[in-house]
Amino acid sequence: MKKINLGITLIITICTLISCNDFLTCNPKDKITDTPDFWNSEDNIRTAVLDIYTNFFVGYNKGWSRSDYYSETNVADWNDDNAQEAATFFTKVAPASASGSNWDFTLVRHINVMLNRVKSSNLDDEAKNHWMGVIRFFRALEYSQLVNLYGDVPYYEEALDNKDYTSLYRTRDKRSDVMDKVLDDLNFASNNIRVSDGEAGLTVNRDVADAYGSRLMLFEGTWEKYHEHNTEYAKKYLEAAKNFAEDVMNSGRYHLCDNFLDLTTSENLEGNPEIILYRSYKEGVVTHSLMSFQNTLAEVNSPSKSFVDSYLSKNGLPIHQSENTMYKGDKWFKDEMTNRDPRLYANIDTTGLKLNGIADIYATSGYFSHLFVNESLKDKAGGQSSTCITDAPIMRYDEVLMNYIETVAELSSLGDYTLTQQDFDKTINVLRDRPSTNMPHVTLAGNNLQVNGISINDPDRDTDVPSILWEIRRERRDELPYSGIRFYDIRRWGKLQYADMIKNPKLNMGAWLDKDKYVTWYNSKHPGSTITVGQLSRIKLDRDGNAGYIKPITDLNLMRVAAVKDYLYPIPEDQITLYKSRGYILTQNSGW
């Protein structure tokens, strides 16, 4: 672990309450030394807590910094959503130093100090429990992330003296023991955080804690099922996920907005009935660049064939199912996009392929993503460069619905729950009733789902995944695209092979391109600026000739591959050495 100077006086960055009503526009006004009186004020505690929001609620990040939405971070790219012009690889060797890594317990200590201070304050019980709940919620977030990345980690419940070597250099606690502590923190948060505190959507309240509880416990329950093969713990965490999701669903405080794209393109998410937590951006104060990546720059990472093929036809059937007579095939872009789930259109520009050599702003796969583009801002400062002002959804109600239905389906597979039609009617069918989506309802029929009396039987389904779970996972992928979730999903399912470009050829594949046919079509549409087949020479195909699927990377040595060790990150070598120098042992993860 990193050495922490425990003798440093805690300094809290303070800003006036007027400027802090939005945690993203909070400007430092003063610095106040840690004193008992400071923690006797709710306003002071609120400000201290705001200081750590952006450790967890990054949104679209700020300036030119990337976030895990869409592309060009590890979390965004290490999955099967985007074909890449140049593959990003999983970590190859354990880092020499903890500097810059996530193996860092500084924030854990900071949170524990804050928790200790609030415990010792003279606030009344309700206020004290509320703020302890908020702080414990953040500890749950931090430790769940550490476990997510590293598995077993040392658990610190108190801020330690820097000479207490036995406690500081403790061995890695079992993953399940740490996650039991996380669940304790989440339960305390759910029971004690106020339903309303501060501005709705911009501050942590009970619904935020419950929504995150459903996400974190779903991850851990499925990890225990598919990796640890521990049915007891899988059931325990999945049951907790179910309860957290139900708390939000039963509150009646949220419902879906009418337009799916409003979630990712709105200048202001305030009042959106689907938003549980968001990050606000304001011109001249805090801005981002995500929209400009899809508005003014070539998409060197763009939707893969795997991503596009996951979307159903408008009749609710998988595109390759034999009964699906609506699907027109993929040998012509307009045919491929005809009669599909409208959520595909929210992701893909359907006006045509954007090809390298033809379009200045091209897409590596030919499929051009525009999920984050607000059309009214495209030609304005608020939609270009690093001055984008669209708000970022951080926790959405549609995710809670998807967390719930997957959780109960997993519990059912473990014999601990009986799925009913009502489960689908209050989740997937609600999502499909969104006016901008308007897809057929699913009906539970034994061990399968049906649409319009036809059993869904996807020939592309993994044989080890039951049909109902396969369709739930598909709905999750199609409802929550490019939100930083997919990487964690395929890891918890034990499906990291989806991110392997050799094992999953559709990842390193784009649209079908018949170069001769395309040139003829293009020239008929643009008689004043005709093109030649030669201008498409930069585009490589998956076969000889002038027709085939776009294949961005053709050299096997340049393709990303996945190994079992990649499910967990390596411990930095200097931390293992540091432990050893003090006479303690810190073990490395398997395979590293």
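## Arg 117 and Asp 34

Arg 117 has a relative accessibility of 28% and therefore counts as partly exposed. In this predicted model, the side chain of Arg 117 meets that of Asp 34 in a salt bridge, with a distance of 2.8 Å from N to O. The pair links distant parts of the chain, 83 residues apart: Arg 117 belongs to helix 4 (residues 106–119), whereas Asp 34 is in the loop between strand 2 (30–33) and helix 1 (42–50). Asp 34, at 16% relative accessibility, counts as buried, since the limit for that class is under 20%.

## Salt bridges of helix 15

The structure holds 45 salt bridges. One of them joins the side chains of Asp 398 and Arg 434, at 3.9 Å from N to O. This pair also links distant parts of the chain: Asp 398 is in helix 15 (residues 397–413), and Arg 434 is in the loop between helix 17 (428–432) and strand 7, 36 residues apart. Asp 398 is buried, with a relative accessible area of 0%, and Arg 434 is buried as well, with a value of 1%.

Another salt bridge is formed by Glu 410 and Arg 473, whose closest N and O atoms are 3.8 Å apart. Glu 410 lies in helix 15 and Arg 473 in helix 18 (residues 467–479), so this contact ties together parts that are 63 residues apart in sequence. Both Glu 410 and Arg 473 are buried.

## A network of charged residues

Asp 398 and Arg 434 also belong to a network of residues linked by salt bridges.

Three strands form an open sheet in the order 7-8-9, with antiparallel pairing. Strand 7 and strand 9 stand at the edges and have a single partner strand each, so one side of each is left without a neighbour in the sheet. In general, the strands of a sheet pair through backbone hydrogen bonds. Strand 7 (residues 443–445) pairs with strand 8 over three bridges, and Ala 445 stands opposite Asn 448 of strand 8. These two strands form a hairpin with two residues between them, and Gly 446 in the turn has a positive phi of about 65 degrees.

Strand 8 pairs with strand 9 (residues 454–455) over two bridges, again in the antiparallel sense. Here Gln 450 has Ser 455 in strand 9 as its bridge partner. The hairpin of strand 8 and strand 9 has two residues between the strands, and Asn 452 takes a positive phi near 50 degrees. Strand 8 (residues 448–451) presents two faces: Leu 449 and Val 451 are on the covered one, while Asn 448 and Gln 450 are on the uncovered one.

## A nonpolar surface patch

Ile 502, Leu 556 and Val 561 form a nonpolar patch on the surface, and together they have about 270 Å² of accessible area. Val 561 is located in the loop between strand 11 (547–549) and helix 21 (573–581). With 44% relative accessibility, Val 561 counts as partly exposed.

## Cysteines

The count of disulfides comes to zero. A disulfide is a covalent bond between the sulfur atoms of two cysteines. Among the cysteines, Cys 257 counts as buried at 7% relative accessibility, and Cys 388 is buried with a relative accessible area of 0%.

How values were computed: Residues are numbered from 1 along each chain as its sequence is written. This is a predicted model: local features need pLDDT of at least 70, side-chain atom pairs count only at pLDDT 80 or more; totals for chains, interfaces and linings use all residues. Side-chain values use heavy atoms; hydrogens and water are left out. Buried means under 20% relative accessible area, exposed over 50%, partly exposed in between (1.4 Å probe, protein chains only). Helices (H or I, at least four residues) and strands (E, at least two) are DSSP runs, numbered from the N terminus. Two strands pair if DSSP finds at least two bridges between them. Patches are made of residues with over 30% relative accessible area and no salt bridge: like charges are joined within 9 Å, nonpolar side chains (Val, Leu, Ile, Met, Phe, Trp, Tyr) within 5 Å. Accessible areas come from the Shrake-Rupley method with a 1.4 Å probe; for residues, only the protein chains shown count as cover. A salt bridge is a side-chain nitrogen of Lys or Arg within 4 Å of a carboxyl oxygen of Asp or Glu. A disulfide is a pair of cysteine sulfur atoms within 2.5 Å.
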